[in-house]
Amino acid sequence: MAKVKTTFFCQSCGSQFPKWQGQCSSCKQWNTIVEEVVQKTEKSDWKATQSPTKRVSKPLKINEIDTAKEARMNTGNAEFNRVLGGGIVPGSMILLGGEPGIGKSTLLLQISLKLPYKTLYVSGEESQKQIKMRAERIQPNADNCYILTETKTQNIFRQIEELEPDIVIIDSIQTLHTDYIESSAGSISQIRETTAELMKFAKETSTPVVLIGHITKDGNIAGPKILEHMVDTVLQFEGDRNHVYRILRALKNRFGSTAELGIYEMLGAGLREVSNPSEILISKKDEELSGNAIAATLEGMRPLMIEIQALVSTAVYGTPQRSTTGYNAKRLNMLLAVLEKRAGFRLGAKDVFLNITGGISVDDPAIDLAVVAAILSSNEDIPVEKDVCFAAEVGLSGEIRPVNRVDQRILEAEKLGFAKIFVSKYCKLSVKSHQIEIVKVAKIEDVVSWLFG
């Protein structure tokens, strides 16, 4: 009988050690190193019976490599296609992570029910009856979706050979285990080995595989970091379970941009695609209120109109508070210093609270001018007109700086019915005329005189 071999893995970063130690020397975390069994049994290729001979690849000149664009598989979900870069690439491996209960399984089940391709949905967490109940709520009739409840990779590959699906969905990778590793499911070695088997299957058969991954309490995908390196695309499904909106982001994408995002609304019948997110990010109100300003921002190639809310009040205690939600606190402090130094507003002894509505976080410097307008509006208690928006960066000397792709921002504002947009005087605009009034400003003083003069 072969001797059982064990080694020690860090549960945080996946580093391997010959013996136990209190602190991981790679990620500096304490008490994360555990012992796991790594004795492998003899194994064969997942499809050795059908492919006894295998071509050996040879080096090619870079000029000889075929660059014909491979057709992507349309998922029928416009938001999912956008984040992936136009659809699923055959033979790719996609990892979807997110908080428990956020809607990962619902999203992939909803996509698999609408796919025009033969889809195998493998679940290690729910029974077939549970999935059927959820599927009837989302879409009662689906002819191309097959449900398999299994956690052993050898049995999964046996069913794949019989069914020959076009797409395989695994829910989730932490529940799978293989006979070739003698540790429990969800351990570092099991995740690495099962992912490697699925990756080999995907590349050899050009069948895309979509994995659902659990996350840790720190928000990182559970398992070794190599899991994210192995796959082609890493998607993050985020949002607050107390709110109905969900955001799908690409953290890594070998076949497209990582700047795109998709927005969904969680309903009783599943996830609804939000094609015009500006409508949900701008609150509907009948009367004008001070401290509100609208900014034209970009997420990837997608223009969004977001609402900035500010509250400026006299500090009760000695040190004034600076609190932000969805915005960089250091950048807020910088803008307050510019207002005090360049525009003469005494905000040093006042509390300033800033919020971006809709529960999203924005790093685009083009919302600087809207932040300044919201702060000044609250400070003066004079509302900014509802049909006015802003798209400009504020410099340290109080100048209004131009931002990229300003034409796209102007078109989005015009489409949503805004009458006036403030941009930098130095923006290079296209020659075609706009129905929206474009106000070009060079300094903060110009904006103040326009809004509150």
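Modeller: In this predicted model, a residue counts as buried under 20% relative accessible area, as exposed over 50%, and as partly exposed in between.

Biologist: Why is Glu136 called partly exposed?

Modeller: Its relative accessibility is 45%. Buried requires a value under 20% and exposed one over 50%, so Glu136, at 45%, falls in between and is partly exposed. Lys132 also has 45% relative accessibility and therefore counts as partly exposed.

Biologist: What makes Glu136 and Lys132 a salt bridge?

Modeller: The closest N and O atoms of the two residues are 3.7 Å apart. The cut-off is within 4 Å, so the contact qualifies as a salt bridge. Both residues lie in helix H3 (residues 128–138), four residues apart, about one turn of the helix.

Biologist: Why is the contact of Asp364 and Arg409 called a salt bridge?

Modeller: Their side chains meet at 3.0 Å, N to O, and a salt bridge needs such atoms within 4 Å, so the pair is counted. This pair links distant parts of the chain: Asp364 is in the loop between strand E16 (350–356) and helix H9 (368–380), while Arg409 is in helix H10 (residues 406–415), 45 residues apart.

Biologist: How do you know whether Asp364 and Arg409 are buried or exposed?

Modeller: Asp364 has a relative accessibility of 15% and Arg409 a relative accessible area of 1%. Buried means under 20%, so Asp364 is buried, and so is Arg409.

Biologist: What other salt bridges does the structure hold?

Modeller: The structure holds 15 salt bridges. Among them is the one between the side chains of Glu126 and Arg134, at 2.3 Å, N to O; Arg134 is buried at 9% relative accessibility. Glu79, Arg82 and Arg302 are linked in a network of salt bridges.

Biologist: How many aromatic pairs does a search of the whole structure find?

Modeller: The search finds four aromatic pairs. In one of them, the rings of Phe157 and Phe201 have their centres 5.8 Å apart and their planes at 50°.

Biologist: What makes the pair of Phe390 and Phe422 stacked?

Modeller: The angle between their planes is 20°, with 5.2 Å centre to centre. Stacked requires under 30 degrees, so the pair qualifies. Both Phe390 and Phe422 are buried, and ring pairs link Phe390, Phe422 and Trp450 into a cluster.

Biologist: How do you know that the length of helix H8 (residues 329–342) agrees with expectation?

Modeller: At 1.5 Å a residue, its 14 residues should span 20 Å, and the end C-alpha atoms are 20 Å apart, so the two values agree.

Biologist: Which residues of H8 are buried, and where around the axis do they lie?

Modeller: Leu332, Leu335, Leu336, Val338 and Leu339 are buried in H8. They cover an arc of only 155° around the axis, which puts them on the same side of H8. The face turned away from this buried side carries the exposed residues Lys330 and Lys341. What covers the buried residues of H8 includes E16 and H9.

Methods: Residues are numbered from 1 along each chain as its sequence is written. This is a predicted model: local features need pLDDT of at least 70, side-chain atom pairs count only at pLDDT 80 or more; totals for chains, interfaces and linings use all residues. Side-chain values use heavy atoms; hydrogens and water are left out. Buried means under 20% relative accessible area, exposed over 50%, partly exposed in between (1.4 Å probe, protein chains only). Helices (H or I, at least four residues) and strands (E, at least two) are DSSP runs, numbered from the N terminus. Rings of Phe, Tyr and Trp (its six-membered ring) pair if their centres lie within 6.5 Å; planes under 30 degrees apart count as stacked, over 60 as edge-to-face and the rest as tilted. The expected span of a helix is 1.5 Å times one less than its number of residues. The arc is that of the directions from the helix axis to the C-beta atoms. Contact means heavy atoms within 4.5 Å.
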